[in-house]
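Subject: A structure for you to look at

Hi,

Here is the structure I promised to pass on. Please open it beside this email and follow along as you read.

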Amino acid sequence: MGKFTDNDRARLDELISRYPTKKAALLPALWVAQEVYGGWLPPEAMEEVAVHLELPTADVQGVATFYTMYNKEPRGQHAIEICHNVSCMVLGAEQLIQHCERKLGVSATGGTTPDGVFTLARVECLGACCNAPAVQVGGTYYENVSFDQMDALIEKLKSAPSEVMSPPQAAMPEMREF
């Protein structure tokens with residue numbers, strides 16, 4: 001049985017009304033599902049979206065698995081993503097990743113700390129090549145990150161509210177009429 005409430009379905013219907021087809025509302029619908037399901041998209045979340053948008057489940061799964069912004073596994077309250085592309089790698093990303101793995105005691109392959117506070121992952125280009133190494137937490141970018149800065153960020157995040165349930169990039173724009 002799904003988790004969507006009548007209010008969630010109404011949110012989806014409002015989103016759908018902004019687009020020429022139901023399929024066009026798929027990305028924002030997945031954000032809603034990810035929020036409803038506690039910060040990730042289990043198969044039943046994707047099925048609920050598919051049913052509501054009248055799409056094949058395989059289409060929804062294909063989109064959800066293509067984009068890294070949709071979590072296919074439960075994540076910690078704070079997802080620390082460290083770029084490991086060329087510029088970041090040359091400027092110390094691998095050492096920063098290893099430092100974080102030791103500090104948090106998890107692998108940068110998406111490992112989550114036992115207390116559920118942090119998930120650590122290597123990611124592809126964050127678009128900050130001139131200020132490498134780059135780190136993203138939720139919707140916030142950090143550039144030229146040193147070990148000391150990373151340690152301070154981790155300490156700060158330990159008491160910060162979770163960004164997984166409602167990351168800034170998931171915010172839906174207000175409906176505007178032009």
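This is a predicted model: local features need pLDDT of at least 70, side-chain atom pairs count only at pLDDT 80 or more; totals for chains, interfaces and linings use all residues.

Residues are numbered from 1 along each chain as its sequence is written, and side-chain values use heavy atoms, with hydrogens and water left out.

**The cores**

The largest nonpolar core has 23 residues. By a nonpolar core I mean a set of buried Ala, Val, Leu, Ile, Met, Phe, Trp, Tyr and Cys residues joined through side-chain atoms within 4.5 Å. Buried stands for under 20% relative accessible area, exposed for over 50%, and partly exposed for what lies in between (1.4 Å probe, protein chains only). Phe4, Leu26, Leu30, Leu41, Val49, Leu53 and Val60 touch the most other members of this core. Two or more residues come from each of helix 1, helix 2 (26-36), helix 3 and helix 4, and helix 2 gives the largest share, seven residues. Helices here are DSSP runs (H or I, at least four residues), as are strands (E, at least two), and both are numbered from the N terminus.

There is also a second, separate core of 18 residues, which includes Ile82, Val135, Val145 and Met150. As background, nonpolar side chains in soluble globular proteins tend to be buried together.

Leaving aside residues up to four places away in sequence, Phe4 touches Arg9, Leu12, Ala33, Val36, Tyr37, Glu48 and Val49. Contact means heavy atoms within 4.5 Å.

**The salt bridges**

How many salt bridges does the structure hold? There are nine, where a salt bridge is a side-chain nitrogen of Lys or Arg within 4 Å of a carboxyl oxygen of Asp or Glu. Here are three of them.

- Arg11 and Glu35 meet through their side chains at 3.4 Å, N to O. Arg11 lies in helix 1 and Glu35 in helix 2, so this pair ties together parts 24 residues apart in sequence. Arg11 is partly exposed at 30% relative accessibility, and Glu35 is partly exposed with a relative accessible area of 30%.
- Glu94 pairs with Arg122, with the closest N and O atoms 2.8 Å apart. This links distant parts of the chain, 28 residues apart: Glu94 sits in helix 6 (residues 93-104) and Arg122 in strand 3 (residues 118-123). Glu94 is partly exposed at 21%, and Arg122 is partly exposed at 30%.
- Asp151 and Lys103 meet at 4.0 Å, N to O. Asp151 belongs to helix 7 (residues 147-158) and Lys103 to helix 6, 48 residues apart. Asp151 is partly exposed at 21%, and Lys103 is partly exposed at 38%.

Asp8, found in helix 1 (residues 6-16), makes an interesting contrast. Asp8 is buried yet has no salt bridge, and the nearest side chain of opposite charge, Arg11, is 4.2 Å away. For charge, Lys and Arg count as positive and Asp and Glu as negative, while His and the chain ends are not counted. Not counting residues up to four places away in sequence, Asp8 touches Lys3 and Val36.

**Backbone details**

In general, most residues other than glycine have a negative phi, and most peptide bonds are trans. With that in mind, have a look at these spots.

- Glu54 is not a glycine, yet has a positive phi of about 55°. Glu54 lies in the loop between helix 3 and helix 4 and is exposed, with a relative accessible area of 61%.
- Asn144, also not a glycine, has a positive phi of about 55°. Asn144 lies in the loop between strand 5 (140-142) and helix 7, and is partly exposed at 43%.
- The peptide bond from Ala132 to Pro133 is cis, with omega near 0°. Pro133 lies in the loop between strand 3 and strand 4 (135-137).

**One more loop residue**

Pro56 lies in the loop between helix 3 (43-53) and helix 4 (57-66), and counts as partly exposed at 46% relative accessibility.

Enjoy exploring!
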